[in-house]
Amino acid sequence: MDRIKLFAPATVANLSCGFDVLGCCLDGVGDEMIISKNSEQKLRITKITGQDLPLEVNANVAGVSAKALLAELDEKQGFDIEIKKNIKAGSGIGSSAASATGAVFGINKLLGEPFTTNELIKFAMEGERLASGNAHADNVAPALLGGFSLVKSYEPLEILSLPSLPELRMLILHPLIELKTKDSRSIIKQNVELKKAISQWGNLAALVSALYTQDYNLLGRSLKDEIIEPVRSILIPYFDDLKALASANGALGFGISGSGPSVFALCKGDSVAEKVKAEFQEFYQDKNIDFDLHLSKINSEGIKIIN
């Protein structure tokens, strides 16, 4: 095989209680990538459509991730990467993760799969390091593995796949403002009160339990952020109003998607999700704020080959 076409999905990281260690994969929202072998022993990004992003390999998350994989193998084979960016940069739904995972997944396939899917995570994290200054895995892991992913540890890297619930629906509201992950991370406090930390890890543990026991009520009660949300929410237009709307219309929970500015409402069933979607749409239209809305199931497959 000399050429591969991929769908690299969007993701939601943190999920309120799991900063830098928890994420899930979305369905139907994502980038398309074409990766081809070339005969020049060069890694090249030949085309990007949809977003104004650098073609220079060392300045692009796809290029940096691919270089890390090839360096590990001491591989001389060259590759050309084309990216159709359907996920807006700085949106908070894993734009950089999609490009990074697509590059390493596709090259790994074309090389005969020298690495397992789990082993690809560390290479994709190098793209996240370029994008945000921090090599976090809470977007790249679910993009590669599908479903919910939990980062047990970073040193050594250990990723756990968690079960999903069949009726979960993820509604994403993206205010069309760009919020760079580096900037959003820069305002986070580096020291945390013990009381808040205890509450946070209690909620994270409860969320994991809820996924295994299929307890939607417990899942909703676990989606609370004592540490990051109070700081980052001030960057998102009408955050508190949206949170109240989500709660009033039956959402299980509401929070910031990744570093923002996107927010998520996690819902049980299509009817509740559609109701919350209609309320969000009407509210932001009344405020004359441009936005995108995505309604998605949880994608259990992750990144995939397409024709």
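Contact means heavy atoms within 4.5 Å. The model is predicted: local features need pLDDT of at least 70, side-chain atom pairs count only at pLDDT 80 or more, and totals for chains, interfaces and linings use all residues. Residues are numbered from 1 along each chain as its sequence is written, and side-chain values use heavy atoms, with hydrogens and water left out.

View 1. L295 belongs to strand β10 (residues 291-297); helices (H or I, at least four residues) and strands (E, at least two) are DSSP runs, numbered from the N terminus. Not counting residues up to four places away in sequence, L295 touches R169, M170, L171, A273 and E274. The C-alpha atoms of L295 and D27 are separated by 8.6 Å, although these residues are 268 apart along the chain. With a relative accessible area of 28%, L295 is partly exposed (buried is under 20%, exposed over 50%, partly exposed in between; 1.4 Å probe, protein chains only).

**View 2. The aromatic pair F239 and F254.** Rings of Phe, Tyr and Trp (its six-membered ring) pair if their centres lie within 6.5 Å; planes under 30 degrees apart count as stacked, over 60 as edge-to-face and the rest as tilted. This rule gives six aromatic pairs. The ring centres of F239 and F254 are 5.2 Å apart and their planes stand at 50 degrees, so this pair is tilted. Because F239 lies in helix α9 (residues 239-248) and F254 in strand β8 (residues 253-256), the pair ties together parts that are 15 residues apart in sequence. F239 is buried, at 3% relative accessible area, and F254 is buried at 4%.

**View 3. A ring cluster and a charge over a ring.** Y238, F283, Y284 and F291 are linked into a cluster by ring pairs. The charged end of K268 sits over the ring of Y216, 4.5 Å from its centre; the criterion is that NZ of Lys or CZ of Arg is within 6 Å of the ring centre and within 35 degrees of the ring normal.

View 4. S91 is placed in the loop between β4 (78-84) and α2 (95-110), and is buried at 2% relative accessibility. Its side chain reaches the backbone oxygen of K88 at 2.8 Å. Leaving aside neighbours within four places in sequence, S91 is in contact with H174, G260, P261 and S262. The peptide bond from G260 to P261 is cis, with omega near 5 degrees, and P261 occupies the loop between β8 and β9 (263-268).

View 5. Most residues other than glycine have a negative phi, and most peptide bonds are trans. A cis peptide bond, with omega about 0 degrees, joins E155 and P156; P156 is in the loop between β5 (148-154) and β6 (157-162). Q214, which is not a glycine, has a positive phi of about 55 degrees and is found in the loop between α6 (194-213) and α7 (216-222). N288, also a residue other than glycine, has a positive phi near 60 degrees. N288 lies in the loop between α10 (270-286) and β10 and is exposed, with a relative accessible area of 69%.

**View 6. The protein as a whole.** The secondary structure comprises ten helices and eleven strands. Buried residues make up 54% of the 307 residues. Among contacts between residues at least 6 apart in sequence, 73% join residues at least 24 apart.

Definitions and conventions: A polar contact is a pair of N or O atoms within 3.5 Å; within protein, one must be able to donate a hydrogen and the other to accept it, and residues adjacent in sequence count only if both atoms are side-chain atoms.
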